[in-house]
Amino acid sequence: MPNLSSTGQQIVQSLASRYGLSTDAVTHMLTAVYYGNGSMAQFNHPEFCGSGQWMRGGMTMVSDLFNNNLKNLVDNLCNDIANELANHQTTPFSGSFQSQSQGGMNSQAQSSGQMGSANSLFVPDPTTNWWPRELGTPTSQGSQNSLRYAYFADKHRLAVTTGGTPWVYDTLDHQIGGFSQQQGGGQSILLTSQYGTVDLSTLPVISRDGTIPAPTSMSTDAAPAESQAAPLESQPANVSMPDVPSDSGTPPKSREDVIETLERLGALKDKGYITDEEFANKKSELLARL
């Protein structure tokens, strides 16, 4: 939750007194409307009987479905908050906002639209816009555990950081629609595009902290992805395996041909394009022809 400025604190006190609410409840709703770009809010607070949703000029929903007094209170409060936000907005809201969060041992948060646009009711957070300035406003952004990302669809760029210098990747022709972190303690993340699931490490690295990395050497201790070999061109999820001669065909010309084919199969298995069982079957088939 962003910190309130002195002006924001004064407005919260005034609204709390006017509506007979605690400052905590008003602050919660102020943040929700702010993250909803001043036109909507998703909230969850005991003084509003739990979770609910507000949309300016639209429907107001609360957990106590038939409590019209509560609906009117939420609607009036949110409209007053939206007006205050508009009067103190220093950069215009853009886009729409959607978010999802997950607590517990593996914390996760995702959002689309512009978050954290400048408003004098809040204290600016220097860590909010951690990506290179020239990328502009992200289409979506989020975090999972220590990893943070920001996706810029119009520029085909993805910025990733684990708290240090940001890495910028070229998303090529992928239309990124989802992000998830691999389980098992690693820091690599998977992307969902029109081609299926894509590993972050397969995307070309554009820069690290504004500097183009050497093509054959990258620091693995600071890299946000679990695997940081030289960037490979991203491929669709459905990848065919190397051809293996059939029983009626001609066997491999040499032992070197077999080894080369096995190495190609191993690379596909490591990237998850084929299963361990498929690899083992093809391996046995190749070795039988030596």
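Predicted model: local features only at pLDDT ≥ 70, side-chain atom pairs only at ≥ 80, totals over all residues.
1. Asp170 counts as buried, at 18% relative accessibility, where buried means under 20% relative accessible area, exposed over 50% and partly exposed in between (1.4 Å probe, protein chains only). Asp170 forms a salt bridge with Arg157, with the closest N and O atoms 3.3 Å apart; a salt bridge here is a side-chain nitrogen of Lys or Arg within 4 Å of a carboxyl oxygen of Asp or Glu. The pair links distant parts of the chain, 13 residues apart, with Asp170 in strand β9 (residues 167–170) and Arg157 in strand β8 (residues 157–161). Arg157 is partly exposed, with a relative accessible area of 22%. Helices (H or I, at least four residues) and strands (E, at least two) are DSSP runs, numbered from the N terminus.

2. Residues are numbered from 1 along each chain as its sequence is written, and side-chain values use heavy atoms, with hydrogens and water left out.

3. Three salt bridges are found in a search of the whole structure. One of them joins the side chains of Arg18 and Asp80, at 3.0 Å from N to O. This pair also links distant parts of the chain, as Arg18 belongs to helix α1 (residues 6–19) and Asp80 to helix α3 (residues 68–87), 62 residues apart. Arg18 counts as exposed, at 51% relative accessibility. Another salt bridge is formed by Lys155 and Asp154, whose closest N and O atoms are 3.8 Å apart. Lys155 is partly exposed at 34% relative accessibility, whereas Asp154 is exposed, with a relative accessible area of 57%.

4. Strand β7 (residues 147–152) and β8 run antiparallel and are joined by five bridges, with Tyr149 opposite Val160 in β8. These two strands form a hairpin with four residues between them, and His156 in the turn has a positive phi of about 55°. On the pairing with β9, four bridges join the antiparallel strands, and the bridge partner of Leu158 in β9 is Tyr169. β8 and β9 likewise form a hairpin, with five residues between them, and Gly163 in its turn has a positive phi of about 115°. β8 is mostly covered, four of its five residues being buried.

5. The aromatic count comes to four pairs. Rings of Phe, Tyr and Trp (its six-membered ring) pair if their centres lie within 6.5 Å; planes under 30 degrees apart count as stacked, over 60 as edge-to-face and the rest as tilted. Tyr34 and Phe122 form a stacked pair, 4.3 Å centre to centre with 25° between the planes. Tyr34 lies in helix α2 (residues 23–35) and Phe122 in the loop between β5 (108–112) and β6 (140–144), so the pair ties together parts that are 88 residues apart in sequence. Both Tyr34 and Phe122 are buried. Ring pairs link Tyr34, Tyr35 and Phe122 into a cluster.

6. Helix α4 (residues 255–270) has 16 residues and reaches 23 Å from its first C-alpha to its last, close to the expected 22 Å; the expected span is 1.5 Å times one less than the number of residues. Its buried residues are Val258, Thr261, Leu262, Leu265, Gly266 and Leu268. They cover an arc of only 160° around the axis, which puts them on the same side of α4; the arc is that of the directions from the helix axis to the C-beta atoms. The face of α4 turned away from this buried side carries the exposed residues Glu256, Glu263 and Asp270. What covers the buried residues of α4 includes α5 (276–287).

7. Two loop positions complete the note. Ser39, in the loop between α2 and β1 (40–45), is partly exposed at 36% relative accessibility. Leaving aside neighbours within four places in sequence, Ser39 is in contact (heavy atoms within 4.5 Å) with Trp54, Met55 and Arg56. Leu65 is found in the loop between β3 (60–62) and α3, and is exposed, with a relative accessible area of 54%.

Technical notes
Pairing = 2+ DSSP bridges.
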